[in-house]
Amino acid sequence: MDPLSPLRARTITLVGLMGVGKTSVGKRLAVALDLPFRDADNEVETAAGRSIPDIFADLGEAAFREGERRVIARLLDEPPHVLATGGGAFMNAETRALIKSKSVSIWLRADVEVLARRVARKDNRPLLTGKDPVSVLRDLAEARYPIYAEADILVDSGDAPHHVTLDNVIKALAAYLEAPLP
Ligand code: S3P
């Protein structure tokens with residue numbers, strides 16, 4: 001039997017705060033498991049025909065959240081793939097219930113200081129614009145960690161490079177699914 005097949009049977013959804021590497025690790029995981037990769041933020045941008053900062057600026061956060069909910073519901077009906085979600089997606093009760101029923105969910109976690117350093121590289125996150133990233137991320141961590149904890153699997157990435165986190169994700173996934181390591 002293909003040793004990867006138990007790991008490829010269901011969609012794998014990555015949740016966690018901004019900057020933790022959901023997209024970077026997700027892309028690598030998709031390659032490693034030979035699964036398609038979907039990025040919910042990108043799909044929302046495509047559906048709206050504009051960037052996330054523009055969606056927030058032109059339509060408001062509520063419209064973004066509604067688009068995010070619809071897009072993720074659609075993606076979860078697709079065949080198995082690796083799905084990177086935006087940091088707020090799992091906070092929506094309906095989205096969370098769908099992620100839990102239709103996929104294996106992985107919470108990627110890292111210290112807020114590490115996240116703040118990583119998000120400083122890009123200027124595409126409206127929740128951080130003009131604010132101190134450490135204090136925003138700290139508040140988000142406080143509000144969201146109890147909810148992220150509902151994910152099936154927790155992987156602490158620390159400050160490790162993405163390929164190390166990828167190995168840890170695959171190990172955790174194999175352990176969770178009681179599958180042999182590929
Ligand atoms: C958000 C995270 C972002 C994006 C939007 C809102 C959040 O995605 O969806 O800016 O609420 O945490 P990333 O987690 O991919 O940065």
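How many nonpolar, polar and charged residues does the lining of the largest pocket have? By class, this lining has nine nonpolar, twelve polar and eleven charged residues, where Ala, Val, Leu, Ile, Met, Phe, Trp, Tyr, Cys and Pro count as nonpolar, Asp, Glu, Lys and Arg as charged, and the others, Gly among them, as polar.

The model is predicted, so that local features need pLDDT of at least 70 and side-chain atom pairs count only at pLDDT 80 or more, whereas totals for chains, interfaces and linings use all residues. Residues are numbered from 1 along each chain as its sequence is written, and side-chain values use heavy atoms, with hydrogens and water left out.

**The largest pocket**

A pocket is found on a 1 Å grid over the protein atoms alone, as an open set of points where a 1.4 Å probe fits, with protein on both sides within 12 Å along at least five of seven lines; its lining residues have an atom within 4 Å of a point. The largest pocket has a volume of about 750 Å³, a volume being the space filled by probe spheres set on the points, which are joined across faces, edges and corners. Of the 32 residues that line the largest pocket, Thr23, Asp41, Lys122, Asn124 and Arg125 are the closest to its centre. The elements that give two or more residues to this lining are α1 (22-33), α2 (40-48), α3 (52-59), α4 (61-75) and α6 (112-119).

**The ligand**

The space taken by the ligand is the largest pocket, judged by whether more than half of its atoms lie within 2 Å of the grid points. Around the ligand are 13 residues, of which Lys22, Asp41, Arg65, Arg125 and Arg144 come nearest, a residue being near if one of its heavy atoms lies within 4 Å. This shell divides into five nonpolar, three polar and five charged residues. The table gives polar contacts, which are pairs of N or O atoms within 3.5 Å.

| Residue and its polar atom | Distance to an oxygen atom of the ligand |
|---|---|
| Arg125, side chain | 2.6 Å |
| Gly87, backbone | 2.8 Å |
| Gly88, backbone | 3.4 Å |

The protein covers 95% of the 390 Å² of accessible area that the ligand has on its own, as computed by the Shrake-Rupley method with a 1.4 Å probe.

**The second largest pocket**

The second largest pocket has a volume of about 160 Å³, and α4 gives the most to its lining, with six residues. The lining of this second pocket divides into eight nonpolar, one polar and two charged residues, including Val44, Ile55 and Phe64.

Note on methods:
A polar contact is a pair of N or O atoms within 3.5 Å; within protein, one must be able to donate a hydrogen and the other to accept it, and residues adjacent in sequence count only if both atoms are side-chain atoms. Helices (H or I, at least four residues) and strands (E, at least two) are DSSP runs, numbered from the N terminus.
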